[in-house]
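Trainee: I have a new model open. Can you show me how to read it?
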Amino acid sequence: MKKIINYIKDSYNELVYKVSWPTRAELTNSAVIVMIASIIMALIVWGIDSAFESIVKFFYSL
């Protein structure tokens, strides 16, 4: 049990004193970048899906 308590204390100390947390501005910038990248990837996947749908419809209509 003592090992578990020491582990929790060490983890807490590391999170509080050794981890460098991002500022609100850095976090906001990162979130915006992730949202833009997600939208771009979604548009690419939508475009590829639409192209394959058109190809399949063309071959099945023959």
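This is a predicted model: local features need pLDDT of at least 70, side-chain atom pairs count only at pLDDT 80 or more; totals for chains, interfaces and linings use all residues.

Trainee: How many helices and strands does the protein have?

Mentor: Two helices and zero strands.

Trainee: Is the protein spread out or a compact globule?

Mentor: Compare the radius of gyration with the globule rule. For 62 residues the rule gives 11 Å, and the protein reaches 24 Å, so it is more spread out than a compact globule. Its C-alpha atoms fill a box of roughly 75 × 35 × 10 Å along the principal axes.

Trainee: What share of the residues is buried?

Mentor: Buried means under 20% relative accessible area. Here the share is 0% of the 62 residues. The protein exposes about 6,300 Å², with 71% supplied by carbon and sulfur atoms.

Trainee: Which residues make the nonpolar surface patch?

Mentor: Among them are V32, M35, I44, F52 and L62, and the patch covers about 1,300 Å². Take I44: it sits in helix α2, residues 24–60. I44 has a relative accessible area of 43%, so it is partly exposed.

Trainee: And the charges: how many side chains are positive and how many negative?

Mentor: There are 6 positive and 5 negative, and the centres of the two sets lie 16 Å apart. A search of the whole structure gives one salt bridge.

Trainee: Which residue forms a salt bridge with E53?

Mentor: K57 does, with the closest N and O atoms 3.3 Å apart. E53 is partly exposed at 41% relative accessibility, while K57 is exposed at 54%.

Conventions: Residues are numbered from 1 along each chain as its sequence is written. Side-chain values use heavy atoms; hydrogens and water are left out. Helices (H or I, at least four residues) and strands (E, at least two) are DSSP runs, numbered from the N terminus. The radius of gyration is taken over C-alpha atoms; the globule rule is 2.2 Å times the number of residues to the power 0.38. Buried means under 20% relative accessible area, exposed over 50%, partly exposed in between (1.4 Å probe, protein chains only). Accessible areas come from the Shrake-Rupley method with a 1.4 Å probe; for residues, only the protein chains shown count as cover. Lys and Arg count as positive and Asp and Glu as negative; His and the chain ends are not counted. The place of a charge is taken as NZ of Lys, CZ of Arg, CG of Asp or CD of Glu. Patches are made of residues with over 30% relative accessible area and no salt bridge: like charges are joined within 9 Å, nonpolar side chains (Val, Leu, Ile, Met, Phe, Trp, Tyr) within 5 Å. A salt bridge is a side-chain nitrogen of Lys or Arg within 4 Å of a carboxyl oxygen of Asp or Glu.
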